[in-house]
Structures are given as structure tokens and as C-alpha cells.
Amino acid sequence: MSSATVMSGLLAVEVPYWASAIIKLGVVALVVPTAALVLGYVFLLKMMSFMQSRLGPMEAGPYGTLQLLADGLKFIQKEDIFPEKADRTVFALAPLVVLISTFLIYVVIPTGPDAVVAQLDVGIFYALAVSSLSVVGILMAGWASANKYALMGGLRAAGQLIAYELPLVLAVMGVVIQAGTLDLQKIVAAQANGEIFGWGGIGNPFILTQFVGFFIFLVAVQAETTQPPFDMPVAESEIVGGYQVEYTGFRFLFFFMGEFGTAFAFAALAAVLFLGGWALPWGDLTHWGFNIAGPVIMLVKVLAVSALIFWFRFTYPRLREDQLQRLAWKFLIPLSLINIVVTGIFKVVL
Amino acid sequence: MTAVSADQRQQLAYVATQAADARLNVEIETEGMTLNIGPQHPATHGTLRLVARLDGEQVVEAEPIMGYMHRGYEKLAEVRTYPQVTTLINRIDWLGSFANEVPFILAAEKLMEVEAPPRAQWIRTALFELSRIANITLFLGDMAVQLGALTPVFMAFRDREFVLNQIEAVTGGRFHPNFDRIGGLKDDLPQGWIDDTKQAMEKIRDFCDEFEELVLGNEIFQARSRGIGIVPPAVGLSYGLSGANIRASGVDWDLRRDGHEALAYDQVDWKVWTHPDGDSFARYWVRLQETREATHIVDQLLDGLPSGPIMAKVPRIIKVPAGEAYAATENPLGEMGYYIVSKGDLVPFRVKIRSASFSNISITPWLLKGVYVPDIITILASLYFILGDIDR
């Protein structure tokens, strides 16, 4: 499937390269803010409120659905403040770097047989690689703010994201071994066509065999997106927002979109890797109808994974930095290595 | 290579020897960082300022700087009549306001040589315990939020409301009751209040059970608070800690039992909780147990409430005879006492307020040495101070 015919299954026409490029750009540019809005509304505003016996926003739009739009408008109106001693260029660029790394993940996430921006042979490898770009932006923000709290936040983020990159990759290894490919589309196909001990009724979503990997992946994602119990880089009660402390207006909004956009992207990756992605185990995977049904199926699965992520977020207290490192190096990494070994043995034996 | 002049060569040789010396004599030394925490910082719940010298994330030394909210209550009390002073001192520990009034009134009663009738004493004690519950429930949620868990504090606010409603039903004020009078209380209990309060106590007990699992049972909470900020009993006593802070170090000392004030604590069956560990976890644990114990005290007090007047015979215009008196009670935050010097006027000549948080916070420089930055927050939260109680 060449990238020039990305929508061909749906439209049944050849699309010129420039047109498909613009369509893809538009889709990604639209999906990231929408994803951030959806997660922010459903979980941050509503689920958290219900857990805390509050109603949450109720005034802006029906049931407060437009609250985040109103907040976004407010952020855009704010003055763009630079601290006096800040490194202005780096300070201005940092939120963009974070946001770009979020955008880049979306490029490879498939939502249908043809509904994918770029189908790469090393899709999952690429997604994990670009997701760790965000640490550069966070470090830039922490350094350029010329603020002690921001610096501490930036350094904490750097230490944390590097430590959790490893279990994240190792957790995915199990899936890759089982599917025999790094290509996200083929991982989806492997799950839809798979069999559980010869029974193919529901395919073989890898969460059933790779539940250890799924657990490690979720924990690592929690740390990657700096959410409680691993939110030391922003820890409001300690370092008052960490690397975000000096940011105002739309640059702060960029960080917000980056955080929730990344959470959405990782939930989507988890859905693809462990829950069967856009596919259902019944039906022809090459049918063009999946280009329409796929995104819906995907959204349901993504929201399910996000619910887990945010449930942890609103429930747990925060670990300390050294406890977090201990958890990563002494528990998660050995566990994921064992998982890889066991998966390998099963792969060879079966 | 470019040609190097003799001068430059000499200079380079000098620099090289200097560098070699430096390598020999000096190990890697990094410059410390001074971090100014507060006065406007979410962890200082108010306006406490903490100047910490850090080495990386480790505290070398920390010094609390107070006084940002000093309101001069001791001086202001000198120009107010005795009944007016209770309005002021409501605002010292604003979360358990009624408890502030009691020791002042008791000290004044000592000077006037009156004693409140039994019914007033019992209701006074019950309200005292209610304000303890109103105060400590908020701590139970607040410490969790300091450690990063967002949800418990909302539950604390929700269930604290039941107690505040009961206080409001009697006194008319949720935060500042101003209800205690020299010689008794302003009013008797409203109708149906006893049953409502018992229901509220039932809800507070549920709240305690829930928090025992939700917060105390949480592995991350334990990892963050166990072994953090250990106060040995001797050190705690030498710094003048009181209340749950010292009981969490295993010192069995409670003014409700050990004091000799005219309150009804000796009429009910209750227990002083202590914990041997002395760490942040122990302080939280002791406060949680005390909240539950307080509900039992209130229940028993309401069951055995004697009948009779609620006001002793006192003159309409209160002139306190000349003399000096001190009264101290076990307030939610620890020992709170008032030393009143009277010259026989309408107003006190001098009032000295001994507030618990002021002494409790004095241990922080000792306690914060060598801990990590996140532990500063744990320790400050577990010591539990209220800014109004530090800066009177």
C-alpha cells in the first residue's frame, strides 16, 4: 500500500501525492487537539469530579462540554510572559518541541486498513522513539526558565523519562516477538487472525497472553506522561508545577495539549498492541468499511485504556524520585526481561 | 601549531600547575543551591516561609521564617473586654475555632473563681471534641493531597460538613462560633440536635474506616511516610512538641486526661492513642485514631448529658479581679494555653498565648537536615501546623 493511495479504498480514486499529504497533515493537526479535549473533558473534568463527589463544570455548554474550549480561549488571550533572565529562544521553543513529539506519534497509529498516515515497517519502534523526544523539550523548558523549581522539575523529568523508556520498550518486545513484526498494521492483523490454543472465536488479543507486558506498559506510560503516581516533574505540592511554572498563555496550553495528546497516543498504542487495534476478529480485514468503523472501534478501546490511566492518576499519591528509580530498575525491567524470555520459549515451543 | 611566545608559554605553565594542584587538593565540589520555599507555596498552607540550602535534592539545612501573618492578638486583647476577646481568638486556629475559646475562658473563670454548671461543662466538652473532628478530618485529607493524591481531600471536606453543620446548629457560626462565655455557654442545645449529632458521628466513623484503608493502607503512602521525619521522644520533648506529634513518638501525655481543667473528660470512658515509631506515618495514624476516639467521646457525653442551667451567676459587666492565671487544654493541634494577667479592669492587662503550632514548627530545622525535597513536604504536612496558630 503506497502512501499516495492512502484513502483510495475509501474514495476509490487515486489521490495525488500533494493532496494526500495535505489531507494527512489536516487529520493529524485536527486529531491531536481533539484527543486532548476529549480526554481532558471526559476524565480530567468529569470522571475526576465524580470520583471526588463533585459535579465538575456544568455551565459552559450542555454538562460543561465546552469548558475546555472556553479555557483554551482564555489561555490564548493571556499575555505571553517571558521571565527576565530566561533564555528567550529556548524558552519559546520548548513547548513546541513537546507538542511536536506528540504529533509525530500519531503519524503511525492505524485506525483502519487504509486509514493510517504512514505505514512504517518499524512502526512501533518509531512511535516509541519519537515519544521520547518530549524529554528534550521538557529539559529545555526547565533550563531556560531560569527558575530553581523549573530546573528541578526538568532534571527530575529527564531522569524519570530515561528510566522508564527501557521498561516501555521491553514491555512491547513481548508483543513484537509474538506477532513477529514491528509493523503496527501487521500486529493488528496478527491479533485479529490469531487463535487461542486453536480456537479463533475472538482472535488473539495480546492482552490475554501478554498481560504482564500490558501491566508494565501501563506503568511506564504513566511515568512517560508524568501522571500520578509518577508526577514528580510537575508535583504541584513540592515544586509547584516544575518545568511549567514560568509558562503562561498559549505556551502553557501547548504543554497541556502535549500531556493529554501523549496520553491519548499511548492509550492508542496500548489499544493497538494489546487490544486488537481497529479490527474486530470477525470480517474481512481488507474491507473498506473498516476505514469508517475502525476509528470508532479504536476510540472505544482508547477510552477504555485511558480510563485505566486516569483512574490511577486520581487515586494514588506520588512516589519519591528515588523510589521511582528503584521501581523501574529493580522491579519493572527484570520483570519485563522475564516476560521476554517466557514469551520466547513459548514462541519456539508452540 | 601556531608559534607560542615565551610569555604565553609561561602563563600556560602556570595555569597547568594551578590546575594540577587543584586536582590534587580538591575533590569534586558542587555549589549548593538556596531554595526559597514560600511564603506563597502550596505546601505551606498559608504564609510560612522556609529557606532551604540544598545539595542536589538533599537539604543541608532549612530554617522556617514566620511572621508573615502576625496579627498582634496578644496586644489587641489588651484593649478588649473579656467577652470580646473570644471573637479574636476564634481566629487563631481557624479550623477548630471553638477549641481556642475554651482555655481562655477557663483561665478567666479561674481568676473570677466561678465554675460553669455541669451541663455547660459537658456541652463545652462535646463542642470541643466536635471542633477537634472538624480540624483533624481536614488534616487527614490535606496530608494525602500534599503527597499527590488528589481525591481524599474532597472526601474530607465532604464529611467535615456534617460536623460543621452541627456546630452551626448550636452556635450559629460554622467557622467562628464565639459561643463560650465566662461562667457557661451562650445558649442551650437546640431541639433534635443530639440525634443529629449522633448520626454525624456515625458518618465520621465511616469516614475514618474509609481513610484507614484508602490512605493508611496505600503502599505508596506508606513508602512516602514510613521512616520519614522520625522524632525521638527526648528530642520532641526538648523542642516542646505537644499533641498528636508527641504522642506519635510514644509519649503518653494528653492534657485531656492529665490536665486539671473543668471539663467533662473524666466522666467518660476513652483512651489516649500513642504510636512507638515517631515518623510521619505514626503522626497520621495517631490523628486518625484520635478522630475516631473523639466521636466516641461525643456520643458518651450526649448520652449522659446532665440537666440544669447552662450559665453560672456572673455579673452583667464582667470585671475580672486582679491576679494571674494560666489554663491549658489539649487542642486539636496540641497544647494551647492562655496566661492572663489582670489588674481588676474590664480588659486584661496582658495575655500570653501559648499556641501549639508555634512550638511544633520549631523542630523543623532539626528534622529537615539531610532529607530530600519531597520529604520536606511530607514532614511539614505531618507536623500539621496552622498558620494562624503560628503567627497569632
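Two residues are in contact if their C-beta atoms, placed from the backbone, lie within 7 Å. The structure is a predicted model, in which local features need pLDDT of at least 70 and side-chain atom pairs count only at pLDDT 80 or more, while totals for chains, interfaces and linings use all residues. Residues are numbered from 1 along each chain as its sequence is written, and chains are lettered from A and ligands numbered from 1 in the order in which they are written.

**Figure 1. Overall fold of chain A.** Among contacts in chain A between residues at least 6 apart in sequence, 78% join residues at least 24 apart. Chain A has 13 helices and zero strands; helices (H or I, at least four residues) and strands (E, at least two) are DSSP runs, numbered from the N terminus. The radius of gyration of chain A, 21 Å, is close to the 20 Å that the globule rule gives for 350 residues, so chain A is as compact as a globular protein of that length. That radius is taken over C-alpha atoms, and the rule is 2.2 Å times the number of residues to the power 0.38. The C-alpha trace of chain A spans about 65 × 50 × 40 Å along its principal axes. Buried residues account for 48% of the 350 residues in chain A; a residue is buried if 20 or more other C-beta atoms lie within 10 Å of its own, exposed if 12 or fewer, and partly exposed in between, with C-beta atoms placed from the backbone.

**Figure 2. Helix α4 of chain A and its surroundings.** The 19 residues of α4(A), residues 88–106, reach 29 Å from the first C-alpha to the last, close to the 27 Å expected at 1.5 Å a residue. The expected span is 1.5 Å times one less than the number of residues in the helix. At A:Ala94, shortly before the proline A:Pro95, the helix has a kink of about 30°, the bend being the angle between axes fitted to the seven residues ending there and the seven starting there. Among the buried residues of α4(A) are A:Ala94, A:Pro95, A:Leu99 and A:Tyr106. Their cover includes α2 (17–51), α5 (123–131), α6 (134–144) and α11 (249–274) of chain A.

**Figure 3. The side of chain A that touches chain B.** In this view, 22 residues of chain A are in contact with 25 residues of chain B. Helices α10 (236–239), α12 (290–315) and α13 (321–349) of chain A each supply at least two residues of this side, and α10(A) gives the most, with three residues.

**Figure 4. Two loop residues with positive phi.** A:Thr226 has a phi near 45° and is placed in the loop between α9 (211–224) and α10 of chain A. With 25 C-beta neighbours inside 10 Å, A:Thr226 counts as buried. B:Glu113, with phi near 55°, lies in the loop between α4 (97–112) and α5 (118–146) of chain B. B:Glu113 counts as exposed, with 9 C-beta neighbours inside 10 Å. Most residues other than glycine have a negative phi.

**Figure 5. Confidence of the model.** Chain A averages a pLDDT of 81 and chain B a pLDDT of 85, where pLDDT is the predictor's confidence in each residue, from 0 to 100. Over residues 1–12 of chain A, pLDDT stays under 50. Where pLDDT is low, the predicted coordinates should not be read in detail. The model scores ipTM 0.75 and pTM 0.81.
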